[in-house]
Amino acid sequence: MDVVSLGLSPMKGTRHLAVPSLSLDRYGPVGDREFCLVDPERRGVIRTVQHPELVGADVSRLPEGLRVQLPGQSALTMGAAEPRGFLDVEYWGAASGWSC
């Protein structure tokens, strides 16, 4: 097998961006899908099957947080914050826990 390109995204469901290299740990590529969008009322992870426009979003990790660029929109920068709690959510019919 030959690897011809590498890509990842810090936010689940958004476009993978090319990277020159990456590190792997027992969970997969380090820094890939560290974040997700959650509907707090439904207590569910927002998925691309319901919101295919997420695939067009470019998300990059910054030292101070995240930069999110949606097609046709101005980029947003979100600062990093310490988790304030833990939220149990549904993801494809299974319970998952996320720091929030």
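User: In which loop does R43 lie?
Analyst: This is a predicted model. Phi of R43 is near 55°, a positive value in a residue other than glycine. As for its place, R43 lies in the loop between β5 and β6 (44-45).

User: Is R43 buried, partly exposed or exposed?
Analyst: The relative accessible area of R43 is 40%. Buried means under 20% and exposed means over 50%, with partly exposed in between. R43 is therefore partly exposed.

User: Where is R33 found?
Analyst: R33 is a residue other than glycine, yet its phi is positive, near 55°. The strands on either side are β4 (28-29) and β5 (38-39). R33 is found in the loop between β4 and β5.

User: What class of accessibility does R33 have?
Analyst: Relative accessibility of R33 is 42%. Exposed would need over 50%, and buried would need under 20%. R33 therefore counts as partly exposed.

User: Which residues is E90 in contact with, leaving aside its neighbours within four places in sequence?
Analyst: E90 lies in strand β10 (residues 86-91). With a relative accessible area of 29%, E90 is partly exposed. Beyond its sequence neighbours, the contacts of E90 are R42, R43, G44, V45 and R47.

User: How many Å apart are E90 and G44, C-alpha to C-alpha?
Analyst: G44 is one of the contacts of E90. The two residues are 46 residues apart in sequence. In space, C-alpha to C-alpha, E90 and G44 are 4.6 Å apart.

User: How many bridges join β8 to β9?
Analyst: Strand β8 covers residues 65-69 and runs antiparallel to β9. Across this pair, R67 stands opposite T77. The number of bridges joining β8 to β9 is four.

User: Which residue in β9 does V68 stand opposite?
Analyst: Strands β8 and β9 run antiparallel. V68 has its counterpart in β9. That residue is L76.

User: What phi does G72 take in the hairpin of β8 and β9?
Analyst: The hairpin has six residues between the strands. G72 takes a positive phi there. The value is near 75°.

User: How many helices and strands does the protein have?
Analyst: From the N terminus on, the elements run β-β-β-β-β-β-β-β-β-β-β. The count is zero helices and eleven strands.

User: What percentage of the residues in the protein is buried?
Analyst: The protein has 100 residues. Its C-alpha trace spans about 40 × 35 × 30 Å along the principal axes. The accessible surface comes to about 7300 Å², of which 56% belongs to carbon and sulfur atoms. Buried residues make up 20%.

User: How many Å apart are the centres of the positive and negative side chains?
Analyst: There are 10 positive side chains in the protein. The negative ones number 12. The centres of the two sets lie 2 Å apart.

Terms used: Residues are numbered from 1 along each chain as its sequence is written. This is a predicted model: local features need pLDDT of at least 70, side-chain atom pairs count only at pLDDT 80 or more; totals for chains, interfaces and linings use all residues. Side-chain values use heavy atoms; hydrogens and water are left out. Helices (H or I, at least four residues) and strands (E, at least two) are DSSP runs, numbered from the N terminus. Buried means under 20% relative accessible area, exposed over 50%, partly exposed in between (1.4 Å probe, protein chains only). Accessible areas come from the Shrake-Rupley method with a 1.4 Å probe; for residues, only the protein chains shown count as cover. Lys and Arg count as positive and Asp and Glu as negative; His and the chain ends are not counted. The place of a charge is taken as NZ of Lys, CZ of Arg, CG of Asp or CD of Glu. Two strands pair if DSSP finds at least two bridges between them. Contact means heavy atoms within 4.5 Å.
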